[in-house]
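Open the model in your viewer and keep the selection tool ready. We will go stop by stop, with a short note on what to select and what is there.

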Amino acid sequence: MAENGEGLGTVPEHERILQEIESTDTACVGPTLRSVYDDQPNAHKKFMEKLDACIRNHDKEIEKMCNFHHQGFVDAITELLKVRTDAEKLKVQVTDTNRKFQDAGKEVIVQTEDIIRCRIQQRNITTVVEKLQLCLPVLEMYSKLKEQMSAKRYYSALKTMEQLENVYFPRVSQYRFCQLMIENLPKLREDIKEISMSDLKDFLESIRKHSDKIGETAMKQAQQQKTFSVALQKQNRVQFGKNMYFNDRIPEERNEVELKRAFEEEDENEEEVLTVQDLVDFSPVYRCLHIYSVLGDEETFENYYRKQRKKQARLVLQPQSNMHETVDGYRRYFTQIVGFFVVEDHILHVTQGLVTRAYTDELWNMALSKIIAVLRAHSSYCTDPDLVLELKNLIVLFADTLQGYGFPVNRLFDLLFEIRDQYNETLLKKWAGVFRDIFEEDNYSPIPIVNEEEYKVVISKFPFQDPDLEKQSFPKKFPMSQSVPHIYIQVKEFIYASLKFSESLHRSSTEIDDMLRKSTNLLLTRTLSSCLLNLIRKPHIGLTELVQIIINTTHLEQACRYLEDFITNITNISQETVHTTRLYGLSTFKGKVAQTACMSACQHLSTSLMQMLLDSELKQISMGAVQQFNLDVIQCELFASSEPVPGFQGDTLQLAFIDLRQLLDLFMVWDWSTYLADYGQPASKYLRVNPNTALTLLEKMKDTSKKNNIFAQFRKNDRDKQKLIETVVKQLRSLVNGMSQHT
């Protein structure tokens with residue numbers, strides 16, 4: 001029962017499986033069959049039985065169907081046999097027709113193949129044209145690059161390279177020619193760098209050679225501008241009634257003519273004005289800068305340019321050894337420096353970052369220190385005031401030119417104050433020679449005048465005022481000698497010469513006034529005073545000349561206030577100004593000259609008296625004469641001690657007679673033992689008595705004793721004195737001979 005139940009349960013399942021096998025795709029039969037083996041035991045056997053039963057059923061159905069259609073099949077075969085003959089005929093006809101078609105289509109095939117070949121060629125040509133159209137712009141740009149290289153348009157060539165690399169080459173990068181071009185571009189860039197650097201080197205060499213021309217042009221423009229400004233200032237001073245120079249007023253008409261001429265010169269020069277661009281072609285710098293900027297190597301170019309320019313700056317700042325000998329040497333030095341910095345200023349303003357303001361300031365400060373050192377050293381060799389003045393004008397023009405380009409020049413004007421002192425020293429030396437010549441040509445006699453014309457000539461030269469002299473009739477005399485008006489004129493000329501240096505120094509009138517007064521004081525207190533002192537010390541100057549010199553100095557001293565007025569009229573600075581320097585130099589003339597004259601007179605008198613004693617023409621001298629001579633010397637000493645001229649310290653004036661005094665004391669007290677014992681000692685009482693002098697005088701007294709006193713040999717005192725004289729003479733001779741041998 002159990003088995004029957006199990007068989008009944010599996011039959012529907014087997015039917016389902018068979019239905020799935022019949023209706024399902026063969027690819028899915030496997031899982032269906034696998035389910036047969038996964039079921040209960042003996043299911044496979046039962047399934048196979050069921051499968052056989054199903055097959056038998058299908059065979060029966062096929063057989064039935066074949067039986068049903070068998071007659072139709074037989075009829076079809078019969079029909080086919082009937083048309084077999086027709087089919088063979090048709091086959092023959094078809095074969096014949098096919099052959100005819102084949103023969104007729106051979107030409108068509110040939111033409112078709114030609115057409116195919118042409119179409120392929122056409123397609124290839126189209127493809128080539130398309131590729132060539134893609135490559136042609138690249139080739140054109142590369143050809144353009146070659147042309148730009150040949151034409152030295154390197155900046156444009158670099159731009160073309162950028163376009164080739166960024167736009168054109170990516171389109172044809174698969175072609176070999178493109179790779180060759182790409183590989184060639186770095187070399188072209190290096191060539192451009194080398195060529196542009198070579199052009200830059202040529203440019204640097206060119207501006208080094210033309211720096212002086214550039215500087216000369218810049219300084220000329222600055223000078224023209226300054227001249228024009230000065231003309232305007234003069235015109236303004238005339239309009240306001242002001243004038244810078246005493247006794248040199250320029251009529252208004254003359255100023256208008258000068259101003260008009262200045263305008264005309266300015267108009268003429270405007271057509272001839274050359275700029276730095278006219279003198280120098282800066283295109284190599286621009287090209288090189290642009291090229292290195294495009295190549296991304298701008299820093300290398302900037303460093304190279306600055307390094308080379310610093311080297312050139314050092315060369316420009318190096319002066320020639322003989323620069324101080326002529327003004328042209330200084331001018332060449334200045335024009336080269338100006339040319340150098342004008343170029344740098346131009347580069348600063350027309351390029352972006354090639355040079356900076358900090359760089360130019362650093363370069364200028366370095367150059368300025370060198371310039372000041374050079375000028376300080378070389379100007380110290382200048383002894384000609386005209387050359388120093390020309391140097392000053394060059395320095396002012398140099399400073400004004402560079403100041404116009406924005407460079408600070410205060411240190412140059414500070415240097416000018418040092419050079420001003422040197423200029424004054426050269427002026428003092430020059431005027432010392434002028435004063436010496438005037439004193440040499442003077443006759444030291446009052447100036448005679450015979451008529452009114454001569455009187456006016458002297459008055460026009462020297463501000464002399466004396467009502468009593470004016471009332472006198474001609475002929476008459478001025479109290480001073482001819483040197484006084486000449487000296488006064490030369491002092492004014494010195495003031496003018498000193499003023500020339502103070503002009504254009506950008507200083508106030510008060511400072512200029514102070515400069516003039518100080519330099520004039522130096523002229524009076526040092527130069528003129530020294531010349532006067534040297535004059536009165538000359539041996540040919542007698543007492544008459546000394547008196548005239550004192551009179552001359554008195555009048556020069558009185559003329560000092562006129563010199564102060566003269567300076568006031570030049571500078572328009574009132575003498576009542578608190579800081580105004582007064583001319584005090586002339587007030588010291590009459591003290592110094594009188595002292596020197598008195599000392600010279602005493603020394604001259606002492607020397608003359610000594611020479612009188614030792615004169616070879618004087619063969620004999622008695623003791624009485626010595627005593628009388630001693631009284632004369634005492635009178636001279638009394639005069640010296642009476643302080644005839646104030647200002648001597650102690651017994652300075654009495655020392656002029658010290659040689660005579662010690663000699664006379666030795667003979668008056670007859671103290672030969674002390675003299676001979678102490679001779680040569682620093683504390684000797686008769687230190688200033690020369691043995692030769694004493695021997696000469698003693699021999700003259702010995703001869704007198706022998707010849708004039710015939711009874712001296714009979715008097716014991718006289719005999720003793722004679723023996724003493726002979727003994728002293730022998731000792732003095734031994735002393736003198738010993739001195740000669742030692743020498």
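Select E88 and R84. Their side chains form a salt bridge, with the closest N and O atoms 4.0 Å apart. A salt bridge here is a side-chain nitrogen of Lys or Arg within 4 Å of a carboxyl oxygen of Asp or Glu. This is a predicted model, in which local features need pLDDT of at least 70, side-chain atom pairs count only at pLDDT 80 or more, and totals for chains, interfaces and linings use all residues. Residues are numbered from 1 along each chain as its sequence is written, and side-chain values use heavy atoms, with hydrogens and water left out.

Now show helix α4, residues 84-150. E88 and R84 are 4 residues apart in this helix, so about one helical turn separates them. Helices (H or I, at least four residues) and strands (E, at least two) are DSSP runs, numbered from the N terminus.

Is R84 buried or exposed? R84 is exposed, with a relative accessible area of 53%. E88 is partly exposed, at 46%. The cut-offs are these: buried means under 20% relative accessible area, exposed over 50%, and partly exposed in between (1.4 Å probe, protein chains only).

Select D96, R99, K100 and D103. A network of salt bridges links these four residues.

Next, go to helix α6, residues 176-239. Pick D191 and K187. Their side chains meet in a salt bridge, 3.3 Å from N to O. D191 and K187 lie 4 residues apart, about one turn of the helix. K187 is exposed, with a relative accessible area of 52%. D191 is partly exposed, at 21%.

Stay in α6 and pick E205 and R208. Here the salt bridge spans 2.8 Å, N to O. The two residues are 3 apart in the helix, which means a separation of about one helical turn. E205 is partly exposed at 32% relative accessibility. R208 is also partly exposed, with a relative accessible area of 38%.

How many salt bridges are there by this rule? The count comes to 22.

**Two helices side by side**

Select helix α12 (residues 357-379) and helix α14 (residues 410-441). Two packed helices are described by the angle between their axes and the distance between the axes. The axes of α12 and α14 come within 11 Å and cross at roughly 5°. Therefore α12 is roughly parallel to α14. Axes are lines fitted to C-alpha atoms, for helices over the stretch in contact, and angles run from 0 to 180 degrees between N-to-C directions. Angles under 35 degrees count as roughly parallel, over 145 as roughly antiparallel, 65 to 115 as roughly perpendicular, and the rest as oblique.

Show the side chains where the helices meet. From α12, pick N365, L368, S369, I371, I372, L375, R376 and S379. From α14, pick R411, L412, L415, E418, I419 and Q422. Contact means heavy atoms within 4.5 Å. Colour these residues by class: 7 are nonpolar, 4 polar and 3 charged. Ala, Val, Leu, Ile, Met, Phe, Trp, Tyr, Cys and Pro count as nonpolar, Asp, Glu, Lys and Arg as charged, and the others, Gly among them, as polar.

Still in α12, select M366. M366 is partly exposed, at 34% relative accessibility. Which residues does M366 contact, leaving aside its neighbours within four places in sequence? They are A313 and L317. M366 and L317 are 49 residues apart in sequence, and 9.9 Å apart from C-alpha to C-alpha.

Jump to helix α16, residues 467-471, and select E470. E470 is partly exposed, with a relative accessible area of 49%. Beyond its neighbours within four places in sequence, E470 is in contact with Y455 and K476. E470 and Y455 are 15 residues apart in sequence and 9.3 Å apart in space, C-alpha to C-alpha.

**Colour by confidence**

The protein chain averages 80, and 84% of the residues score at least 70. Then select residues 265-271. pLDDT is again under 50, with 4 such contacts.

**Zoom out**

Show the whole chain. The secondary structure comes to 26 helices and 2 strands. Of the 743 residues, 38% count as buried. Among contacts between residues at least 6 apart in sequence, 77% join residues at least 24 apart.

Definitions and conventions. pLDDT = per-residue confidence, 0-100.
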